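Please look over the model below before reading on.

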Amino acid sequence: MPTDTLFAKIARREVPARIVYQDEAVTAFHDINPVAPTHILVIPNKIIPTMNDATDDDAALLGRLLLTAQKLARQIGIAEGGYRLVVNCNPDGGQSVYHLHIHLLGGRKMTWPPG
Ligand code: 5GP
């Protein structure tokens, strides 16, 4: 397990980011390179590198990540129109930052399948 990550530094406010929500378990902030009008990353404050590293003990935390994304989508006003939640895992999944995160993407029509 890595002892520190870029996103852990963002959660500790050591690296600047546009944080939109934070509590003792999760942090949400705008992606630095948005691919949709809304592109927010929701992370656990504790380091879980990939989805493969989550355990049954993280079940409640994983639920909080999803519900945080849902609440943010409502607040932003994209819930009714729709949005996409994405978790990339490892190289074939397109993961580039090894600190588990959910992408909240919205504000435009999404296509399927993803590239
Ligand atoms: P992944 O490819 O791992 O699923 O997504 C990582 C995301 O983190 C990318 O969308 C990328 O733009 C974003 N990202 C990388 N570095 C930073 C950063 O320093 N600040 C913020 N806010 N987002 C970042």
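The numbered points below take up the basis of the model, then the ligand, then the pockets.

1. Basis. This is a predicted model, in which local features need pLDDT of at least 70 and side-chain atom pairs count only at pLDDT 80 or more, while totals for chains, interfaces and linings use all residues. Residues are numbered from 1 along each chain as its sequence is written, and side-chain values use heavy atoms, with hydrogens and water left out.

2. Residues around the ligand. The shell around the ligand holds 17 residues, and Asp31, Asn88, Ser96, His101 and His103 come nearest. A residue counts as near when one of its heavy atoms lies within 4 Å of the molecule. By type, the shell has 7 nonpolar, 9 polar and 1 charged residues. Here Ala, Val, Leu, Ile, Met, Phe, Trp, Tyr, Cys and Pro are nonpolar, Asp, Glu, Lys and Arg are charged, and the others, Gly among them, are polar.

3. Polar contacts. These are pairs of N or O atoms within 3.5 Å. The side chain of Asp31 has an N or O atom 2.5 Å from an oxygen atom of the ligand. For Asn88, a polar side-chain atom is 2.8 Å from a ligand oxygen atom. Ile32 uses its backbone: a polar atom there lies 3.2 Å from a nitrogen atom of the ligand.

4. Burial. The ligand taken alone exposes 520 Å², and the protein buries 83% of that. The areas come from the Shrake-Rupley method with a 1.4 Å probe.

5. A pocket is an open set of points on a 1 Å grid over the protein atoms alone, where a 1.4 Å probe fits, with protein on both sides within 12 Å along at least five of seven lines; lining residues have an atom within 4 Å of a point. The space in this second largest pocket is about 260 Å³, a volume filled by probe spheres set on the points. Among its 17 lining residues, Phe7, Asp31, Ile32, Leu41 and Val97 lie nearest the centre. Helix H1 gives the most to this lining, with 3 residues.

6. The largest pocket. Its volume is about 340 Å³. Of the 17 residues that line the largest pocket, Arg84, Val86, Leu105, Pro114 and Gly115 lie nearest its centre. The lining divides into 7 nonpolar, 7 polar and 3 charged residues.

Key
Polar contact = N/O pair within 3.5 Å; in protein donor to acceptor, adjacent residues only side chain to side chain. Helix = DSSP H or I, 4+ residues; strand = E, 2+ residues; numbered from the N terminus.
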